[in-house]
Amino acid sequence: MSLRLGDTAPNFQAETSIGPIDFYEYIDGGWAVLYSHPSDYTPVCTTELGRTAQLKGEFEKRNVKVLALSVDAVEDHLEWIKDINETQHTSVEFPIIADQDRKVAELYDMIHPNASATTTVRSVFVIGPDKKVKLTLTYPASTGRNFNEILRVIDSLQLTDQYSVATPADWVDGQDVIVTSAIKTEDIPAKFPKGYTEIKPYLRVTPQPNK
């Protein structure tokens, strides 16, 4: 069965490019991004892994651990990393999981037979400190993932996890947010002292509370 939002992300043990890991121990109560690649030495994925490495500081300041996955062996990963570092002008330090037996791919439903019977599709899972799945994305092989969007979603998830707000279309960190319908209008001033604007009774906006 496929994982759905709110499901507990399965734990696993795996060999990786940085050595053996236990997933739960590795993320250590923080946030995680787990994303898969069809195979090593694929051009789009080379750019994606490089971009992830370039954004190391952005993930760290959000307390996010990143893990990539491919069905190839650790030895292949280590050689591929050399190419990634060379061509993308970066240094890949996060683990790439070697999932030769497809154990993790099956746990996370990363093999879609209509796309490929043997390789993983290009999935993304954002997992919270509670080990729950917060976001799932699946990309076709021809379209590179937008890591600025993944960071934007993490900003939204972390904000809305802490406050009774939601984020509107195209929101980015620092912009106004929506007060959730669970909050009565008369209770807004006490919870959101920066003020609010009532556009409609069901649409109340307030400055981002943690800025």
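## Terms and model

Helices (H or I, at least four residues) and strands (E, at least two) are DSSP runs, numbered from the N terminus. The model is predicted, so local features need pLDDT of at least 70, side-chain atom pairs count only at pLDDT 80 or more, and totals for chains, interfaces and linings use all residues. Residues are numbered from 1 along each chain as its sequence is written, and side-chain values use heavy atoms, without hydrogens and water.

## Second largest pocket

A pocket is an open set of points on a 1 Å grid over the protein atoms alone, where a 1.4 Å probe fits, with protein on both sides within 12 Å along at least five of seven lines; its lining residues have an atom within 4 Å of a point. Helix α6 (residues 147-162) contributes four residues to the lining of the second largest pocket, the most of any element. Among the lining residues are Asp155, Gln158, Leu159 and Gln162. By class, this lining has one nonpolar, four polar and five charged residues (Asp, Glu, Lys and Arg count as charged; Ala, Val, Leu, Ile, Met, Phe, Trp, Tyr, Cys and Pro as nonpolar; the others, Gly among them, as polar).

## Nonpolar cores

A nonpolar core is a set of buried (under 20% relative accessible area, 1.4 Å probe, protein chains only) Ala, Val, Leu, Ile, Met, Phe, Trp, Tyr and Cys residues joined through side-chain atoms within 4.5 Å. The largest has 27 residues, and Val33, Tyr35, Leu49, Phe59 and Phe94 have the most contacts inside it. Helix α6 gives the most to this core, with six residues. A second, separate core has 20 residues, including Ile27 and Ile127.

Methods:
Buried < 20%, exposed > 50% of the residue type's maximum accessible area, 1.4 Å probe, protein only.
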